[in-house]
Amino acid sequence: MDEDQNRYLWDGSGVPDPDIEALERMLSEYRYVARPLEEASAPSGPLVSSGKRSPRRGVHRAVAAGAMAAALVVGFLTIRSRFQWSSGQPWRVVVVAGRPLVEDAPIRGAGELRVGQTLETDARSQARLEIGNIGTLTIAPSSRVRLLATRTRHHRIALDYGSIEARTWAPPFSFAVETSSASLFDLGCAFTLRMDRGGTGLVRVDSGWVQFELGDQQSVVPAGAEAVTRPTLGPGTAYLGDAPTEFKAALASFDTSAEGSETRSRAVAVVLSTARPRDAMTLLSLMGKVDRSTRERVLDVLARSVPIPPGATREQVLDLETKALDLYWKKLGLGNPKSWIMRWRDVVGD
């Protein structure tokens with residue numbers, strides 16, 4: 001916390017932190033408001049058996065409100081301090097199995113991974129990294145990672161190849177993984193990412209959301225879903241892990257075929273014919289990847305299982321208006337990426 005923010009907490013001067021301002025708004029109903037002495041001393045509260053109001057009841061309520069406010073402040077500051085991390089401060093490494101290497105030197109029990117350093121595991125070794133204070137990253141056998149950056153709400157690592165499993169509890173975009181074919185941004189969740197040496201990878205999300213992107217191309221992946229990333233092509237369309245094999249194969253064909261090609265057209269037809277009601281998320285993701293006439297066909301299938309939500313029209317959805325699409329995503333009931341704070345169990349495990 002810088003000097004300006006310290007002064008703001010002490011006497012109201014200086015520059016407030018946005019998080020502190022948000023907390024103040026949340027607690028505003030408990031703010032003390034000075035009243036004239038005669039008004040403050042007037043009896044208040046519900047009637048008691050004697051027919052007079054009990055001043056004690058008002059005092060108890062004030063004390064309870066104050067205690068609640070204090071607890072919220074302490075909880076807020078505790079959570080906030082969790083995200084603090086000095087720029088360049090190394091991550092802690094713990095050996096899980098075998099002899100993982102940091103810069104070709106074996107780790108003995110526990111050690112550190114500094115910015116710019118490489119951690120590598122062979123077929124019989126495994127390690128666990130502490131992502132600052134916000135979570136853990138398990139490095140599977142036969143994997144290599146590089147620490148790119150560490151600071152408050154900005155932890156970055158590269159996965160050259162192999163597999164990692166992350167569990168985090170932090171605001172969206174606090175942690176990211178760079179690969180040769182896409183960038184993965186954690187939105188406060190638990191996920192597994194596997195990359196081969198050629199740059200093809202697969203992310204599987206157990207809780208929360210991740211965002212895969214390459215330039216302007218994005219794929220948002222919710223819990224229970226997965227997505228593939230490919231060299232030069234970047235992230236593909238997200239789908240549920242239990243989707244039918246034919247559905248997955250057609251989606252892969254769509255993602256790897258040229259726009260306007262016959263192959264892509266056939267792939268869309270198979271996706272629509274094999275989609276289950278549960279695959280509405282994939283169909284909604286496809287809306288922005290096809291032309292207007294194909295979009296109408298996709299929406300027809302989507303609307304059979306999830307009707308167009310109130311507040312949006314068919315034309316608005318077909319025109320890809322942001323508000324209409326946001327309403328549709330909300331109606332799917334997949335949760336909100338901003339609700340990371342409720343997923344603390346993802347850090348401590350089952």
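**Close-up 1. The face of helix α5 turned away from its buried side.** This face carries Thr245 and Glu246. The model is predicted: local features need pLDDT of at least 70, side-chain atom pairs count only at pLDDT 80 or more, and totals for chains, interfaces and linings use all residues. Residues are numbered from 1 along each chain as its sequence is written, and side-chain values use heavy atoms, without hydrogens and water.

**Close-up 2. The buried side of α5.** Phe247, Ala250, Leu251, Phe254 and Asp255 are buried in α5. They cover an arc of only 140° around the axis (directions from the helix axis to the C-beta atoms), which puts them on the same side of α5. An α-helix has 3.6 residues a turn, so residues three or four places apart point the same way. The cover over the buried residues includes β16 (225–230), β18 (239–240), α6 (262–274) and α7 (280–286). Helices (H or I, at least four residues) and strands (E, at least two) are DSSP runs, numbered from the N terminus.

**Close-up 3. Surroundings of Leu193.** Leu193 is among the residues with the most contacts inside the largest nonpolar core, which has 69 residues. Such a core joins buried Ala, Val, Leu, Ile, Met, Phe, Trp, Tyr and Cys residues through side-chain atoms within 4.5 Å. Beyond neighbours within four places in sequence, Leu193 is in contact (heavy atoms within 4.5 Å) with residues including Leu159, Ile164, Val177, Val203 and Phe212.

**Close-up 4. Thr118 in strand β5.** Strand β5 spans residues 118–120 and holds Thr118. Thr118 counts as buried at 18% relative accessibility.

Conventions:
Buried < 20%, exposed > 50% of the residue type's maximum accessible area, 1.4 Å probe, protein only.
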